[in-house]
Amino acid sequence: MVNHEPVSRAQQHRALGISTLAFTLCFAVWTLFSILGIQIKEDFALSDTQLGLLMATPVLTGSISRLFLGVLTDRFGGRWIFSLLMLATAACVYLLTFANSYPMLLVGALGVGLAGGSFIVGVAYTSTWFEKERQGTALGIFGAGNVGAAVTNFGAPFLMMAMGWKGTAVIYASIMAIMGVAFLLLAKDDPRSAQHTANRLSLSEQLAPLSDMRVWRFSLYYFFVFGAFVALALWLPHYLIEVYGLSLAAAGIVAALYTIPASLFRILGGWMSDRYGARRVMYWTFLASVLCTFLLSYPPTDYIVKGVHGPVTFSLTMPLVGFILLTMVLGFFMSLGKAAVFKHIPVYYPKNVGVVGGMVGMVGGLGGFFLPLTFGMLNDVIGIWQSCFMLLFVIVTTALLWMHFAIVRIERIEARDRCESTDLPELSSPGSFVLTEWHPEDESFWEATGKRIATRNLWTSIPCLLLAFSVWMVWSVVVAKLPQVGFNYSPNQLFWLAALPGLSGATFRVFYSFMVPIFGGRRFTAISTASLLLPAAWIGFAVQNPETPYLVMAILALLCGFGGGNFASSMANISFFYPKREKGKALAMNAGLGNLGVSVMQFLVPVVISTGAFVAFTGDGQPTVTGGELWLQNAGFVWVPLIALSTVAAWFGMNDIASARASFAEQAVIFKRKHNWLMCVLYTGTFGSFIGFSAAFPLLTKTQFPAIDALQFAFLGPLVGALSRAWSGGLSDRFGGARVTFWSFITMILGVIGVMYFLANKDASFGFYGFFGSFMLLFLATGVGNASTFQMIPSIFRHEVARLMPDLSAEEQLPHAERESAATIGFTSAIAAYGAFFIPKAFGTSIDMTGGVGAALIGFIVFYAACTALTWFFYSRKGAEIRT
């Protein structure tokens with residue numbers, strides 16, 4: 001802890017007491033729907049699914065808000081942020097009483113969830129008052145404010161019986177508002193408040209610790225100790241009623257034996273972390289949790305053993321008393337672990353407790369949202385009640401092994417180098433994987449060793465990118481089949497599901513654009529490929545139950561954006577390996593064959609969902625409304641083994657380039673470059689159209705030509721676009737990227753005009769064939785334009801760097817041009833990827849507002865005309881600013 005003035009014990013106790021009281025009240029509000037939901041369900045005639053979603057929504061908001069509230073607390077201090085947060089939450093709780101529909105209830109629940117974000121504000125505020133040796137105990141006492149859930153469970157039912165759910169909400173809002181004002185008046189500015197004002201960090205400096213891999217390891221720990229704790233608190237009553245036949249009251253009492261001690265023993269966990277060390281407490285926590293979850297995972301089983309005198313039968317089952325004792329032990333050690341995790345943070349990150357704790361808290365909170373939903377899906381798929389504990393056993397075992405391996409390696413590195421290691425050494429690149437000398441522009445170097453290494457990295461990158469595109473666009477096929485297996489979604493909801501991966505994928509690309517120079521291409525390619533396992537596996541579970549809430553499906557669609565984000569980092573990485581004369585072809589090969597993943601997916605998924613060949617691994621199929629059967633879960637599960645193999649291949653088959661390392665600040669210079677933004681527009685016209693049409697084409701065809709089975713040929717469009725991109729890279733190297741881009745946009749305008757004409761005559765015998773042919777022309781032109789725009793970027797920035805840095809030699813200008821080119825390639829791909837969201841939504845909105853897609857198509861023509869004019873004026877005409 002860094003304090004400029006000594007803090008008295010009285011000041012410490014005052015800060016701890018008022019922050020703990022405030023957090024207790026906030027936690028009581030955060031869990032308010034667990035009681036109010038009972039009467040709200042009756043008043044609004046909600047289904048169990050709707051009620052479950054209403055109760056889970058505050059958990060989601062409270063989790064996600066923690067990162068942003070942590071940033072604000074580090075920036076402005078805890079006193080003001082905590083007070084304003086409580087006042088805002090009080091307003092949301094009060095406004096909840098005016099809700100007259102289910103959507104309004106959900107909006108209100110989002111606001112109530114802000115109370116859950118108070119945890120990180122309080123952690124950041126409280127930790128600044130205590131010296132390092134007492135922070136664990138202090139944060140343990142503060143964290144015991146989780147007992148606010150018990151306050152609500154005990155007091156809210158009496159209030160609701162006397163005043164109804166609206167009166168109860170008004171009481172809670174009033175108490176929260178009073179506490180917000182009292183905190184502002186009675187609490188003191190934390191000891192670092194003057195430092196916050198005098199040395200206010202930029203946002204990028206505040207977020208810098210999040211690139212430290214240790215933060216993500218702490219996040220995994222908290223995902224289990226807090227996320228799984230919240231999940232079991234929500235799940236146990238249901239589990240006890242169904243497995244052991246308890247009444248609701250008895251199940252609630254047993255669940256309280258798990259939740260209340262698990263909150264209060266957090267104080268003990270903080271004290272033990274101070275006395276024995278947080279690392280040792282984490283070992284105790286994980287070892288005990290592994291044992292408990294293993295025993296709880298074992299389902300009731302009957303055994304028949306062939307004995308000497310005949311069969312011997314016996315059974316193994318977990319009695320209720322044993323179950324209660326094991327869950328109490330599990331909850332006890334989880335409470336120790338929660339305190340130990342947050343003991344680490346102010347020690348390692350004393351100046352960034354808010355942002356680091358916010359990230360760790362957000363990941364843990366998301367566990368409390370996602371795990372209960374996953375428990376239900378596992379029940380539906382596996383059919384074993386103990387499957388929830390099986391999942392927790394896998395998570396905690398992974399965390400224990402990862403922690404132990406990381407600690408052993410860290411201790412060795414710190415002993416060897418006599419300095420603190422902040423990275424995860426198990427993810428560091430061994431020397432044999434790092435290219436310390438890399439000079440692709442040197443022809444002798446290139447021919448001797450460079451070309452061979454670059455080719456190996458390219459062909460390892462391509463399948464990773466292909467799988468990324470497959471997962472990113474898998475919803476374009478899944479949404480077309482959801483109604484057939486019982487999902488009752490409107491056409492606009494289906495277009496939303498098709499569009500959401502594009503929205504998240506484009507957003508992820510903004511961040512992924514800058515990751516390769518920070519983390520290294522080999523390491524980030526492997527990690528980003530492995531991240532695809534999450535949406536792929538979870539889709540396989542979710543689509544098997546038509547009762548899966550729409551919000552969960554929307555979240556899964558957003559998670560598929562991991563695949564879209566991979567493109568930015570992959571292209572930036574490959575751009576570092578090749579000389580200028582071969583960049584166009586290499587980038588076209590990587591992107592073109594990677595884009596092929598859309599076509600592979602649209603061909604493969606309809607095949608695997610139609611067969612029960614994998615039933616032993618993926619489960620039974622779902623009956624369709626027409627009397628058939630579909631194995632829709634295969635749309636997700638089919639990618640899991642391929643992703644695992646590609647991750648291993650990237651980890652052991654690729655390289656990092658030492659000279660390609662750069663900070664975010666060094667790359668952020670592209671935001672000042674005019675041509676970065678111009679290329680964002682042009683690449684949105686080419687790649688944005690390719691990915692947007694790929695996402696929308698199956699569903700658009702289904703809505704415009706209902707008699708046609710669009711999935712039989714939907715893969716042909718992305719196939720044409722991907723192959724044309726791979727083939728045309730050399731064309732741009734030969735004739736110039738700007739000239740090829742110009743004619744690509746002209747061709748795309750003609751393609752859209754063709755689509756409009758044949759849709760106007762869709763009832764004619766030639767209507768569908770003309771429509772299909774026009775779209776194939778569009779896909780062909782987008783593929784060629786994708787390659788040509790990316791070929792333009794390195795040439796543009798070589799000109800720009802030479803103009804802006806004339807004092808540097810050509811050799812010194814080269815790394816600047818390479819770095820800016822790579823960042824621009826990633827960033828333009830991020831902006832362009834929003835086409836995957838806007839094009840499907842444009843079609844859906846046009847249909848809703850006008851009854852047809854003509855308005856959307858006219859908008860596309862106007863945009864392509866603007867792109868044509870920009871290309872001609874800046875890059876292809878005589879006297880253009882930069883002729884490529």
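Mentor: Let us start with a cut-off: a residue is called buried when its relative accessible area is under 20%, exposed when it is over 50%, and partly exposed in between. Please keep in mind that this is a predicted model.

Trainee: What makes Arg-79 count as buried or exposed?

Mentor: The relative accessibility of Arg-79 is 18%, and since buried means under 20%, Arg-79 counts as buried.

Trainee: How do you know that Asp-189 and Arg-79 meet in a salt bridge?

Mentor: A side-chain nitrogen of Lys or Arg has to lie within 4 Å of a carboxyl oxygen of Asp or Glu, and for the side chains of Asp-189 and Arg-79 the N to O distance is 3.1 Å, so the pair meets the definition of a salt bridge. Asp-189 lies in the loop between H8 and helix H9, whereas Arg-79 belongs to helix H4, so the pair ties together parts that are 110 residues apart in sequence.

Trainee: Why is Trp-80 called partly exposed?

Mentor: Trp-80, which is found in helix H4, has a relative accessibility of 43%, and because that label covers values between 20% and 50%, Trp-80 counts as partly exposed. Trp-80 also belongs to a nonpolar surface patch, whose other members include Leu-84 and Val-181.

How values were computed:
Residues are numbered from 1 along each chain as its sequence is written. This is a predicted model: local features need pLDDT of at least 70, side-chain atom pairs count only at pLDDT 80 or more; totals for chains, interfaces and linings use all residues. Side-chain values use heavy atoms; hydrogens and water are left out. Patches are made of residues with over 30% relative accessible area and no salt bridge: like charges are joined within 9 Å, nonpolar side chains (Val, Leu, Ile, Met, Phe, Trp, Tyr) within 5 Å. Accessible areas come from the Shrake-Rupley method with a 1.4 Å probe; for residues, only the protein chains shown count as cover. Helices (H or I, at least four residues) and strands (E, at least two) are DSSP runs, numbered from the N terminus. Buried means under 20% relative accessible area, exposed over 50%, partly exposed in between (1.4 Å probe, protein chains only).
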